[in-house]
Amino acid sequence: MKFQGSENYIATQDLMLAVNAALTLKRPLLVKGEPGTGKTMLAEEVAAALGMPLLQWHIKSTTKAQQGLYEYDAVSRLRDSQLSGAEEAARVRDIRNYIVKGVLWQAFTADEPVALLIDEIDKADIEFPNDLLRELDRMEFYVYETRELIRAKHRPLVVITSNNEKELPDAFLRRCFFHYIKFPDADTMQKIVDVHFPGLKKDLLAAAMKTFFDVSKLPGLKKKPSTSELLDWLKLLVAEDIPLEALQSQDEKVAVPPLVGALLKNEQDLSLFEKLVFMQRHNR
């Protein structure tokens, strides 16, 4: 199987090589990049392109690695044991009725190869990746409550995303194939926009793209606008029927664009941008 990109996802040559390298090496693909660069969507499109079902595990700050394997629901077992019916008593005797399968268990025991997305792994505590090392490496884990070893029928394609909020352990990194999704250049961004807005007028698109790159290149921004924010902004421009004139300035100076809140997401960046516009207007 080879990933060649898809109609809905513009993948660079380096990214396609990274996906196929992970498939060849049979190792997890660790994808880093700024929020909004398409890391989660990559897993969705790779799974669709390769004809694999996709299982998703979205990590939170409270997520523990054990939850991806299984959880023993002792509370439900205790509650059922307090009921007097014969059906409840029979259920309580079999501990398997209280084992909740996690996404790794589901991926390992699937009848066909699946893709598994472990999304935003850097949100969890530092021990989380280390706790998954053995399972991801050996494709097996032990269930102590039932005394059984769960082995993968097929090795899933594992895609792990990170927003780079914290460093990941070296031992974990060694077991992954790594790729960093860079901020798209103008040509790649153009192709991405064409996929989502095939009927957008060329002059409006050109003006919008110029404004977007002017904003993103502004030094000192706390958070530069990403690909997803550009797409949101274009969607708003179309929905609100913003005229071309609103995006163009007569003297080629940077101007505050309409609906700028789709691009700049905090007051410091907005203030910085407004100051730049003010300075340029008074330095004509």
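This is a predicted model: local features need pLDDT of at least 70, side-chain atom pairs count only at pLDDT 80 or more; totals for chains, interfaces and linings use all residues.

Reader: Which way do the residues of strand E5 point?

Author: General idea. In a regular strand the side chains alternate between the two faces of the sheet. Now the case here. Ala115, Leu117 and Asp119 point one way from E5. Leu116 and Ile118 point the other way.

Reader: Is strand E5, residues 115-119, mostly covered or mostly uncovered?

Author: Mostly covered. Five of its five residues are buried.

Reader: Which strand pairs with E5 over five bridges, and in what sense?

Author: That is strand E2, residues 54-58, and the sense is parallel.

Reader: On to helices. How are two packed helices described?

Author: By the angle between their axes and the distance between the axes. The crossing is left-handed.

Reader: Which residues of H4 and H5 meet?

Author: From H4, look for Arg77, Asp80 and Ser81. From H5, look for Glu88, Arg91, Val92 and Arg93. Sorted by class, the residues of this contact are five charged, one polar and one nonpolar.

Reader: At what angle do helix H10 and helix H11 pack?

Author: At about 140°, with their axes 11 Å apart. H10 covers residues 202-216, and H11 covers residues 227-239. Angles over 145 degrees would count as roughly antiparallel. H10 and H11 are therefore oblique to each other. H10 passes H11 in a right-handed crossing.

Reader: Which residues of H10 and H11 meet?

Author: H10 brings Leu205, Ala208, Met209, Thr211 and Phe212. H11 brings Leu230, Trp233, Leu234 and Leu237. By class, this contact has eight nonpolar residues, one polar and no charged ones.

Reader: Now one residue. Why does Thr227 count as buried?

Author: Check the cut-off. Buried means under 20% relative accessible area. Thr227 has 8% relative accessibility, so Thr227 counts as buried. Thr227 lies in helix H11.

Reader: What is Thr227 in contact with, leaving aside its neighbours within four places in sequence?

Author: Thr227 is in contact with Gly36, Pro184, Met189 and Ile192. Find each of them in your view.

Notes. Residues are numbered from 1 along each chain as its sequence is written. Side-chain values use heavy atoms; hydrogens and water are left out. Buried means under 20% relative accessible area, exposed over 50%, partly exposed in between (1.4 Å probe, protein chains only). Helices (H or I, at least four residues) and strands (E, at least two) are DSSP runs, numbered from the N terminus. Two strands pair if DSSP finds at least two bridges between them. A crossing is left-handed if the near helix is turned anticlockwise from the far one by less than a right angle, and right-handed if clockwise. Contact means heavy atoms within 4.5 Å. Ala, Val, Leu, Ile, Met, Phe, Trp, Tyr, Cys and Pro count as nonpolar, Asp, Glu, Lys and Arg as charged, and the others, Gly among them, as polar. Axes are lines fitted to C-alpha atoms, for helices over the stretch in contact, and angles run from 0 to 180 degrees between N-to-C directions. Angles under 35 degrees count as roughly parallel, over 145 as roughly antiparallel, 65 to 115 as roughly perpendicular and the rest as oblique.
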